[in-house]
Amino acid sequence: MHKQEPFRNKNNVKAVTEKIKRLYPGGSRKLMEVCGTHTMAIARYGLRDLMPDGLKLISGPGCPVCVTPVSIINAAMAISEIPGNVIVTFGDMLRVPGSEKTLEVCKAEGADVRVLYSVFDMLEMAKKEKDKNFIFISVGFETTTPGIALSVLEAGNRELSNIFYLVANRLVIPAMDALCGSGETEIDGFICPGHVSVVIGYGAYRVIADKYGLPCVVAGFEPVDILLAISELVERVSNKTAGVANAYGRVVTEKGNVNAMEAMNRVFKPVTAEWRGIGSIPGSGLVLRKKFIRFDALKKFQIELSSVPDPPGCRCPEVLKGIMAPTECGLFGKRCRPESPVGPCMVSSEGSCAAYYKYGVDDG
Ligand code: SF4
Ligand code: SF4
C-alpha cells in the first residue's frame, strides 16, 4: 500500500467528515488556510462541499507570488532592461502583471529572463557566463527562504561577484498576526501550512494562539490530512480551547528544522515589509544582512521601490485577506482568467482565484 493511501482513502474521508459534522457546534464559523497548496487541495478535492452548514473555509495570503508587491515586479523589469543583466526566477513570476507589462513580455521583447527550478542553478550559470550579471527574484516563505540563504552563502564561498538577489521574501507568522490584529477578517481558527511548519515547527504558532485565543492546527496536503486538521479545529472551537496542534505528525515537529532557520537568520534579517493587498506589516519581510549586502540587487542597480495601486476592479486585496471569495470579484472568469490574468491571485498556480477558476468553486 502506498504510504499516502490512508490519507486519500474514501472511507477515511467519510469517517472524518462525519466526525466534523458531529463536533460542529453550529453557527457561523470561518477557518482560514494560509498556504497555496491547501487552497488548491481544498478546491480540488471539493472539501468545502463536505463541511457542515455554517462552516466556511476561507483562503488567506498563502501564495508567495500573490503577495509580492507590484513594485518588485517593476523593479525586476527595470533591472532586466540593463544590458548584460539576466533575470532568473521561478516560473509563476513571469506572468504576474507589473504596472505596464509582465516579465514574459520583457522576455519576448529581448530581455534575458530565465526560469529556474533551483536557485543553485544560477550559481552554475554565473560561473559559466562571467560577463553577465544574474539577478534572482527572491520570493517565498520560510519553505524556500533557507535554500535561498544557502545559495547566498555558497555564492560568497565561491567568490561569485556577478550574482544579485532582488529580495521579497516574507514570513508567515507576522502576516497571521496582522490579519488577526486588523479585525477586518473574521477567523475562528487557522489551518496552518504544512511545508512552512516543517521549517518553523508547529510551536511557532503559539504566539498567535495565545495572543488571539485562536486554535492553530498544522495540516498536510492529502484530503484526510486537511480534514483531520479541520476536525481538530472544530473540536477546539466547540470546547472553546485555543492552542496549537499538529495534524501532520509524519513530517512536522514542534521545533522544525533548526539548521534551516539558522541559515535563514544568518543571511537575512526581518524588516517591515509590504504585502500585496494587505499593506505594510512589521517584521514580516526579509532583507540581506550587512555582511551580504553586496548581493543586494536594489543597491547594485540603484532602484527605489515605490508603491503601486492594484489594477482597477481587481479585488485581490480582499481575497488575500479572506474578506471576499474570488467569485465575488466582478472580473472573475470574465476579464480575469488564467490565460489573461488581471491580478496576481489568478496567475500563480497556488493563487485563490486560479484555484476557484480551475475547480469551478462557487463560494460567493
Ligand atoms: S511553500 Fe508549501 S507551505 Fe508554503 S504556501 Fe506553498 S505549499 Fe504552502
Ligand atoms: S478574479 Fe482576478 S481581478 Fe478579481 S481578485 Fe482575482 S485576480 Fe484579482
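Guide: In this predicted model, a search of the whole structure finds three cavities of 30 Å³ or more. The largest cavity holds about 80 Å³ of space. Sorted by class, the lining has 10 nonpolar residues, one polar and one charged.

Ligand 1 has around it Cys35, Gly36, Thr37, Gly62, Thr143, Pro193, His195, Val196 and Glu350. By class, this shell divides into three nonpolar, five polar and one charged residues. Two helices, α2 (36-44) and α9 (194-200), each supply at least two residues of the shell.

Next come the strands. An open sheet of four strands has the order β4-β3-β5-β6, and the pairing is parallel. Its edges are β4 (112-115) and β6 (163-169); each has a single partner strand, so one side of each is left without a neighbour in the sheet. From one strand to the next, the twist averages 20°.

Within this sheet, β5 (residues 133-140) is joined to β6 by seven bridges, with the two strands running parallel. At one position along this pair, phenylalanine 136 stands opposite tyrosine 165 in β6. Helix α7 (residues 145-157) packs on the sheet, where it touches β5 and β6, and its direction makes about 155° with that of β6. Helix α6 (residues 120-128) lies across β3 (85-89), β4, β5 and β6. The direction of α6 is likewise at about 155° to β6.

A separate pairing involves β10 (residues 268-275) and β11 (residues 279-288), which run antiparallel and are joined by seven bridges. Lysine 269 has valine 287, in β11, as its bridge partner. The two strands form a hairpin with three residues between them. In that hairpin, glycine 277 takes a positive phi near 90°.

To return to the part you asked about, the lining of the largest cavity is made up of 10 nonpolar residues with one polar and one charged, and the space inside it is about 80 Å³.

Methods:
Residues numbered from 1 in each chain as written. Chains lettered and ligands numbered in written order. Predicted model: local features only at pLDDT ≥ 70, side-chain atom pairs only at ≥ 80, totals over all residues. Heavy atoms only, no water. Near = heavy atom within 4 Å. Nonpolar A, V, L, I, M, F, W, Y, C, P; charged D, E, K, R; others polar. 1 Å grid on protein atoms, 1.4 Å probe; cavity = no way out; pocket = protein on both sides within 12 Å on 5 of 7 lines; lining within 4 Å. Points joined across faces, edges and corners; volume = space filled by probe spheres on them. Pairing = 2+ DSSP bridges. Axes fitted to C-alpha atoms, helices over the stretch in contact; angles between N-to-C directions. Contact = heavy atoms within 4.5 Å.
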